[in-house]
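Biologist: Could you walk me through this model while I have it open? I'd like to ask about the surface, the salt bridges and the pockets.

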Amino acid sequence: MKLHFSESIQQLKTLATREILKLTQGNDIISFAGGLPAEDFFPEKAIQEAFTKVFEQGKNSLQYGITEGHTPLREEICKRMLLKGIQANLDQIQITTGSQQAIDLISKVFINPGDTILIENPTYLAALQVFQGYGANVVEVSSDDDGMDLNDLTQKINHFQPKFIYVTPTFANPTGRVWSSERKQGILQICKEFETILIEDDPYGEIQFNKAADYSSIYSLHSTNDFNPVLYTSTFSKIVAPALRTGWVIGDQRIIQQITKAKQTADIHSSMIDQQALYFLLKDFDLDQHIISICNEYKLRKEKMTHLLHQYEIPAKCIEPQGGMFLWLTMEDSTINSAELLKRAVQNGVAFVPGTVFYTGEAEKNTMRLNFTYTGVEQMEVGIQRLQHVFSSTSNPQY
Ligand code: PMP
């Protein structure tokens, strides 16, 4: 039988992410590819205790819940957000199945095929795929280490009248970059002036290596009573465990209402068992202390990886990130195509993500993303040694 799939699903390029994640499952492969947290540091016992408490609530804990999300959990998240300067009442927060679903629902609410979405360059691959899946015209705004170029942004807003702008201003995936306060303030002003929605995706904001630095979210910079154009999304994936698939989106009540409507048709609500367990976890477990422990460990791992790259003379430059989970490498030889290099790397038992997948337009092919959080330091050294072997054993500049 001939299968007539929709145009949008046929156009969706899921291959890149799926193939990358498959690489991490090869037994002998040391993978720096996935954006995975360190398993040794999952608060396994506390999560187990939280689930026990859910079942102690009786059979009602297994019932359907409301689409907006488990109310006590939303209250706890609002309290945590307040500490980041993000003010939201219960009508302004929607629980989602990971922040990935927040990106999807926001897109469902705003994008008509042909609408333009502005993004950073490079940016999070799976967000690109969502926008393209809804038929958006995805346009890159020039970006540097301080964030988007605001002149280019203004020109592109004028020219394309985008439905929204999508940014990851704090420890971006893939670059690890943090926007300067000027650019954060600047984009907020521009969005207010041009009445453009800004999606602030913040899964890594709490993975900080310098607690003294200011990592204010763009959402929190809005201090007036008028409309805040920012939709803020974050997740428990990086600070608790990704398997819980729980994230949230905060924003203007009128937008949240539409997102709730979209979620009703998507999955009715996120898992009530997971949401209730997270509520107990937030109430009874010292999550802040846990975040400090993982940040300390990730900082060590990041330092170890940058040291190893130097020690094994990997011919690439990287700006050391002050948080998040990734190193972004630019190979000294600009003729290297890291997508081709990956094939040889996998043959040599090591994996990374070629930088090309994070661009929609012309890609910087001599770039790669390395995750430093998942692999313990001993294995990390073996992996970087293998990477060195890949570089030193090739005479073909295309590889
Ligand atoms: N946004 C960014 C920038 C990410 O890197 C990720 C996960 N890799 C997500 C959103 C989605 O995370 P989750 O659905 O697990 O919350």
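Biologist: Is lysine 45 buried or exposed?

Modeller: Keeping in mind that this is a predicted model, lysine 45 counts as exposed, because its relative accessibility is 60% and the cut-off for exposed is over 50%.

Biologist: And what does the side chain of lysine 45 meet in a salt bridge?

Modeller: The partner is glutamate 49, with 3.2 Å from N to O. Both residues lie in helix H3, which covers residues 44-56, and they sit four residues apart, about one turn of the helix. Glutamate 49 has 40% relative accessibility and therefore counts as partly exposed.

Biologist: Which residue pairs with lysine 53, then?

Modeller: Lysine 53 forms a salt bridge with aspartate 284, at 2.8 Å from N to O. Since lysine 53 is in helix H3 and aspartate 284 is in helix H11 (residues 272-284), this pair ties together parts that are 231 residues apart in sequence. Lysine 53 counts as partly exposed at 26% relative accessibility, and aspartate 284 is partly exposed as well, with a relative accessible area of 42%.

Biologist: Switching topic, how much space is in the largest pocket, and what lines it?

Modeller: The largest pocket holds about 710 Å³ of space. It is lined by 33 residues, and those closest to its centre are Gly35, Gln100, Tyr124, Tyr204 and Lys238. Helix H2 (15-23), helix H5 (98-110) and helix H6 (125-133) are the elements that each contribute two or more residues to the lining, with H5 giving the largest share, four residues.

Biologist: What's the lining like by class?

Modeller: The lining of the largest pocket comprises 19 nonpolar, 10 polar and four charged residues.

Biologist: Last one: which residues form the nonpolar patch on the surface?

Modeller: Met1, Leu3, Phe5 and Ile9 make up that patch, with about 530 Å² of accessible area together. Phenylalanine 5 is placed in the segment before helix H1 (7-11), and it counts as exposed because its relative accessibility is 52%.

How values were computed
Residues are numbered from 1 along each chain as its sequence is written. This is a predicted model: local features need pLDDT of at least 70, side-chain atom pairs count only at pLDDT 80 or more; totals for chains, interfaces and linings use all residues. Side-chain values use heavy atoms; hydrogens and water are left out. Patches are made of residues with over 30% relative accessible area and no salt bridge: like charges are joined within 9 Å, nonpolar side chains (Val, Leu, Ile, Met, Phe, Trp, Tyr) within 5 Å. Accessible areas come from the Shrake-Rupley method with a 1.4 Å probe; for residues, only the protein chains shown count as cover. A salt bridge is a side-chain nitrogen of Lys or Arg within 4 Å of a carboxyl oxygen of Asp or Glu. Buried means under 20% relative accessible area, exposed over 50%, partly exposed in between (1.4 Å probe, protein chains only). On a 1 Å grid over the protein atoms alone, a cavity is a set of points where a 1.4 Å probe fits but cannot get out, and a pocket is an open set with protein on both sides within 12 Å along at least five of seven lines; lining residues have an atom within 4 Å of a point. Grid points are joined across faces, edges and corners, and a volume is the space filled by probe spheres set on the points. Ala, Val, Leu, Ile, Met, Phe, Trp, Tyr, Cys and Pro count as nonpolar, Asp, Glu, Lys and Arg as charged, and the others, Gly among them, as polar.
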